[in-house]
Amino acid sequence: ENLNIRDGFTYVDGTYGAGGHTNMILSSADCKVVSIDRDPSAKLFAEKTSNQFPNKFSLINGNIGRLKFLLKSRGIKNIDGGILFDLGVSSMQIDNAKRGFSFRFDGPLDMRMEQTGKSAAEIINESDERTLNDIIFTLGEERKARRIASAIVKYRQKQLITSTFELAQIVRSAIGKHSKLKIDPATKTFQALRIIVNNE
């Protein structure tokens with residue numbers, strides 16, 4: 001409703017994900033949508049959208065922080081319709097244990113949206129205690145960051161931290177299982193790692 005989707009206009013979906021918003025826009029009018037997603041697995045869903053809306057849809061693999069460059073690289077100078085951003089991690093990432101974004105399922109401690117660069121496990125296992133404290137405190141807004149960083153360093157002296165369940169348990173043991181915010185004690189640490197891993 002706020003996008004005021006109309007025939008003949010071009011729209012940008014800055015976070016394609018599984019294509020939900022893109023498909024709704026394309027179903028609303030005879031328009032075009034340019035979608036962007038940094039996760040290579042978005043291409044799996046894009047094929048279905050392309051088949052359903054031929055010549056109306058295109059997907060650009062890239063980071064929305066470079067939106068202007070990405071559009072220019074496709075010869076798009078102006079967007080006359082509107083731009084939609086649904087920020088954050090998508091369900092296709094959270095629900096896939098192998099991607100390691102969530103401690104809801106046990107999986108490798110990864111969190112990389114683009115599936116390149118340093119993983120969360122590498123950051124957890126290679127960063128010194130002060131760096132870990134800074135990451136968790138600043139990006140996770142976790143007041144007990146120092147205690148968590150210390151617990152991580154102590155644990156990894158025995159073995160590397162490789163799984164989501166493993167890290168979540170270390171955090172819970174360090175700060176206690178009860179939270180006044182009614183969220184899991186590991187939530188803020190996982191948020192901080194996701195931000196640093198993906199340069200959010």
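Ser127 is buried, with a relative accessible area of 13%, where buried means under 20% relative accessible area, exposed over 50% and partly exposed in between (1.4 Å probe, protein chains only). The model is a predicted one, in which local features need pLDDT of at least 70 and side-chain atom pairs count only at pLDDT 80 or more, while totals for chains, interfaces and linings use all residues. Residues are numbered from 1 along each chain as its sequence is written, and side-chain values use heavy atoms, with hydrogens and water left out.

Ser127 is found in the loop between α5 (120-126) and α6 (129-140); helices (H or I, at least four residues) and strands (E, at least two) are DSSP runs, numbered from the N terminus. A polar atom of the side chain of Ser127 lies 2.8 Å from the backbone oxygen of Ile123, which can be set against the definition of a polar contact as a pair of N or O atoms within 3.5 Å (within protein, one must be able to donate a hydrogen and the other to accept it, and residues adjacent in sequence count only if both atoms are side-chain atoms). When residues up to four places away in sequence are not counted, Ser127 touches Glu122, Leu132 and Arg156, contact being defined as heavy atoms within 4.5 Å.

Asn125, in helix α5, is also described as buried, with a relative accessible area of 17%. The side chain of Asn125 has a polar atom 2.8 Å from the backbone oxygen of Ala121, and a polar atom of this side chain lies 2.7 Å from the backbone oxygen of Ile161. With neighbours within four places in sequence left aside, Asn125 is in contact with Arg156, Leu160 and Ile161.

As a whole, the protein has nine helices and four strands, which follow the pattern β-α-β-α-β-α-β-α-α-α-α-α-α along the sequence. The C-alpha trace spans about 60 × 35 × 25 Å along its principal axes, and 44% of the 200 residues count as buried. Among contacts between residues at least 6 apart in sequence, 54% join residues at least 24 apart. The accessible surface comes to about 11600 Å², of which 49% belongs to carbon and sulfur atoms; accessible areas come from the Shrake-Rupley method with a 1.4 Å probe, and for residues only the protein chains shown count as cover.

Helix α2 (residues 42-52) has Ala42, Ala46 and Thr49 as its buried residues. These residues cover an arc of only 60° around the axis, which puts them on the same side of α2, the arc being that of the directions from the helix axis to the C-beta atoms. On the other side of α2, Leu44, Glu47, Lys48 and Asn51 are exposed.

Thr49 is also among the contacts of Thr22, a residue of helix α1 that counts as buried at 0% relative accessibility. Leaving aside neighbours within four places in sequence, Thr22 is in contact with Asp13, Tyr16, Val33, Ser35, Thr49 and Phe57. Thr22 and Phe57 are 35 residues apart in sequence and 8.5 Å apart in space, C-alpha to C-alpha.

A search of the whole structure finds five salt bridges, a salt bridge being a side-chain nitrogen of Lys or Arg within 4 Å of a carboxyl oxygen of Asp or Glu. In one of them, the side chains of Lys56 and Asp30 meet at 2.4 Å, N to O. Lys56 lies in the loop between α2 and β3 (57-61) and Asp30 in the loop between α1 (20-28) and β2 (32-37), so the pair ties together parts that are 26 residues apart in sequence. Lys56 is partly exposed, with a relative accessible area of 27%, and Asp30 counts as partly exposed at 44% relative accessibility. Another salt bridge joins the side chains of Asp110 and Arg112 (2.7 Å, N to O), and here Asp110 is buried, with a relative accessible area of 17%. The side chains of Glu126 and Lys118 likewise meet in a salt bridge (3.0 Å, N to O), with Lys118 partly exposed at 47% relative accessibility.
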